Amino acid sequence: MDAMQTQPPKASFKEQMHQAREDAILQSTCQLLGEKAFDAMTMDDVANAVGIAKASLYKHFCSKEELCSAAMVQILARVRAYLADLPAETPPLEKLHALVRWSLERLLSNEMPLLPSRNSTLRAVLMANKDYLNGLVAVSDQIGEWITQAQAEGVINPTLPPLVVLYTLYARACDPVVSFLKEGGQYSDAQIVDLVVRTCFDGLAAR
């Protein structure tokens, strides 16, 4: 009886519709951020993509910065969920390969927002967003742990600072090479992913 009393009340139909629309807004925002990046995207773009009036959009998010911050927090949550799902027994280098491959696949399908430039308004907003910073630290700590483990195993160059390796892997999530190869039409998405992963981890030196 007590257990039944402690269950949270079921959301009303109106609340469910509100949440569903907010989810659709965030999904469209992530897509648009992947296609256009923050500075080129507008609130009109988001409203049109979702199929709602811009006034309705502002009932959920009061500014483009707030909306895009929420979308970036959601993306980080997806990354954390992906990292948590990787089997614990998988070697650290294989986990890093899998993460880069997953990121590139999201990038090719415009599901991975491009990182904001240093002078972007969004960057300043994100740096003040506690949820975003906490998520970024959690992701960075996990990846950093795998990097140091891989260096200890001798499968990543131990003379490279782990932070440099971390940032190099982050850069693959917004690598313009992906779009250049995609637009060229010479390679399939799977081939593009393989080529970028190979150059990221194996470099350009002949073996």
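Predicted model: local features only at pLDDT ≥ 70, side-chain atom pairs only at ≥ 80, totals over all residues.
Ile192 touches Leu108, Val178, Leu181, Lys182 and Tyr187 once residues up to four places away in sequence are set aside. Ile192 sits in helix α11 and is buried, with a relative accessible area of 0%.

**Where α6 meets α11**

Ile192 is also one of the residues through which α11 meets α6. On the α6 side, the contact is made by Leu93, Leu96, His97, Val100, Arg101, Leu104, Glu105 and Leu108. On the α11 side, Ile192 is joined by Asp189, Val193, Asp194, Val196, Val197 and Phe201. By class, the residues of this contact comprise 10 nonpolar, one polar and four charged.

For α6 and α11, the axes come within 10 Å and cross at roughly 135°. An angle from 65 to 115 degrees would count as roughly perpendicular and one over 145 as roughly antiparallel, so α6 and α11 are oblique to each other. The crossing of α6 past α11 is right-handed.

**Where α5 meets α8**

Sorted by class, the contact of α5 with α8 holds 11 nonpolar, two polar and two charged residues.

**The nonpolar core**

Several of these names come back in the largest nonpolar core. Which of its 48 residues touch the most other members? They are Leu57, Leu67, Leu83 and Ile143. At least two residues of this core come from each of α2 (13–36), α3 (43–50), α5 (64–85), α6 (92–108), α7 (121–127), α8 (130–152), α9 (162–172) and α11 (189–202). The largest share, eight residues, is supplied by α5.

Neighbours within four places in sequence aside, Leu67 is in contact with Ile25, Leu26, Thr29, Met43, Val46, Leu57 and Phe61. Among them, Thr29 belongs to helix α2 and is buried, with a relative accessible area of 0%. Thr29 in turn touches Met41, Val46, Leu67, Cys68 and Ala71, again without residues up to four places away in sequence.

Met43 and Val46 bring α3 into the picture: the buried residues of α3 are Met43, Asp45, Val46 and Ala47. Just after α3, the backbone at Gly51 adopts a positive phi of about 85°.

**Two pairs separated in sequence**

The table sets two pairs side by side, with sequence separation and C-alpha to C-alpha distance.

| Pair | Apart in sequence | Apart in space |
|---|---|---|
| Pro91 and Trp146 | 55 residues | 8.6 Å |
| Asp141 and Cys30 | 111 residues | 24 Å |

Is Pro91 buried, partly exposed or exposed? Pro91 lies in the loop between α5 and α6 and is partly exposed, with a relative accessible area of 36%. Asp141 is found in helix α8 and is exposed, with a relative accessible area of 51%; the cut-off for exposed is over 50%.

**The chain as a whole**

Stepping back, the chain has 11 helices and zero strands. Its C-alpha atoms fill a box of roughly 60 × 50 × 30 Å along the principal axes. Of the 207 residues in the chain, buried ones make up 35%. Among contacts between residues at least 6 apart in sequence, 66% join residues at least 24 apart.

Conventions. Residues numbered from 1 in each chain as written. Heavy atoms only, no water. Core = buried A, V, L, I, M, F, W, Y, C linked by side-chain atoms within 4.5 Å. Buried < 20%, exposed > 50% of the residue type's maximum accessible area, 1.4 Å probe, protein only. Helix = DSSP H or I, 4+ residues; strand = E, 2+ residues; numbered from the N terminus. Contact = heavy atoms within 4.5 Å. Axes fitted to C-alpha atoms, helices over the stretch in contact; angles between N-to-C directions. Parallel < 35°, antiparallel > 145°, perpendicular 65-115°, else oblique. Left-handed = near helix turned anticlockwise from the far one by under 90°. Nonpolar A, V, L, I, M, F, W, Y, C, P; charged D, E, K, R; others polar.
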